[in-house]
Amino acid sequence: MTTRRSFLQQAGLAGAAAFLSPSIITTALAQSAKVSKIGIGLFTLREQLTADVKATIQQVAKIGYNQVETYYGYPGKYEVKGFWGLEAKDFNTLLKSNGLTSPSGHYNVTEFLSSGDDKVLKSHIETAATVNQKYFVVPALPTDIRANGTLDDYKRMAAKFNQAAELCQKSGLKLAYHNHNFEFKDQGNGVTGYEILLKETEAKLVSFELDIFWAVNAGLDPVAMFKNNPGRYKTFHVKDMDKTDKAVFTEVGAGRIDFKSIFAASKLAGLDYIFTEQDIIKKEPYQSITESYNYIKKNLI
């Protein structure tokens, strides 16, 4: 039971974290968050969703997943009307009928980030609110910045994040940013674009979705990231890395990433939700996501 005294002690400890040694922070704050539900990033099943959204959602629920993270407004091959042919309210009804919720969604906001035009952004925010989502996730930066972004570009993106986050807040949403590996490129003097995004965004408005695979791929230690910016990582993308090739995805628990140590520090991260994801699957998709689900349920929560 948390008493007022214990709460104040914990709050004081968190506030003093910046002045404590890493070992003390680890001992005092690195604890598992109470995450009991397992979600899946639906981009993993993009082919299946495009073919039959209702059957796909039913199968996800049957495996045991409790939550889904959507993607919306993606260009090219995966551009479909609404949620794979369903309006937001109808997709929400489909989730409810299968005992699922969607606390988070990825939305293409490239137009806003590039030009400042917020028309599509506002429409996407309305969509996210209709599905009762809590986190509105920016899945990536514009192509030119991904390829050749400077620190000034990242400062500009951070300012855009703050603006978008204020709009999200009005609809009861919180903005988050999902990383790949390009953000961790050394821009000179050891400074990265990702560090700029963390530093230049309002902590109360902007959180981060840590894609564990891409962080490890870039040579980062997720637990060290939590220590440097405690409380900023509200959601995880949980996907594993092949034991012999760091560019290859595999089922959670079948690869080289030490998820147990990462999840042990999830309270320090600020974790609210987790979503399995696998960009490329080499086996039967539902078998793959079942294996990831089973490992997480047995070993991580």
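The largest pocket of this predicted model is lined by 27 residues. Those nearest its centre are Tyr-74, Pro-139, Ala-140, Arg-146 and His-180. The space in this pocket comes to about 460 Å³. Three elements each supply at least two residues of the lining: β2 (67–72), β3 (101–107) and α8 (143–148). Of the elements, β2 gives the most, with 3 residues. Sorted by class, the lining holds 13 nonpolar, 9 polar and 5 charged residues.

Rolling a probe the size of a water molecule over the atoms shows where empty space is left. Searching the whole structure turns up 1 cavity of 30 Å³ or more. The volume of the largest cavity is about 50 Å³. Around the largest cavity stand Ile-40, Thr-44, Thr-276, Glu-277, Gln-278, Ser-288, Ile-289 and Ser-292. Helix α15 (residues 285–299) provides the largest share of this lining, 3 residues. By class, the cavity lining has 5 polar, 2 nonpolar and 1 charged residues.

The next topic is the aromatic side chains. There are 22 aromatic pairs in the structure. One of them joins Tyr-72 and Phe-83, whose ring centres are 4.8 Å apart. Their planes meet at 50°, which lies between the limits of 30 and 60 degrees, so the pair counts as tilted. This pair links distant parts of the chain, as Tyr-72 belongs to strand β2 and Phe-83 to the loop between β2 and α5 (88–97), 11 residues apart. Tyr-72 has a relative accessible area of 17%; buried means under 20%, so Tyr-72 is buried. Phe-83, with a relative accessible area of 1%, is buried as well.

Another tilted pair is formed by Phe-226 and Tyr-233, with 5.5 Å from centre to centre and 55° between the planes. Phe-226 is buried at 0% relative accessibility, and Tyr-233 is buried with a relative accessible area of 1%.

Tyr-72 and Phe-83 are also members of one aromatic cluster, together with Phe-43, Tyr-71, Tyr-74, Trp-84, Phe-91, Tyr-107 and Phe-136.

Elsewhere, the charged end of Lys-160 sits over the ring of Phe-112, 5.3 Å from its centre.

Note on methods. Residues numbered from 1 in each chain as written. Predicted model: local features only at pLDDT ≥ 70, side-chain atom pairs only at ≥ 80, totals over all residues. Heavy atoms only, no water. 1 Å grid on protein atoms, 1.4 Å probe; cavity = no way out; pocket = protein on both sides within 12 Å on 5 of 7 lines; lining within 4 Å. Points joined across faces, edges and corners; volume = space filled by probe spheres on them. Helix = DSSP H or I, 4+ residues; strand = E, 2+ residues; numbered from the N terminus. Nonpolar A, V, L, I, M, F, W, Y, C, P; charged D, E, K, R; others polar. Phe/Tyr/Trp six-rings, centres within 6.5 Å; stacked < 30°, edge-to-face > 60°. Buried < 20%, exposed > 50% of the residue type's maximum accessible area, 1.4 Å probe, protein only. Lys NZ or Arg CZ within 6 Å of the ring centre and 35° of its normal.
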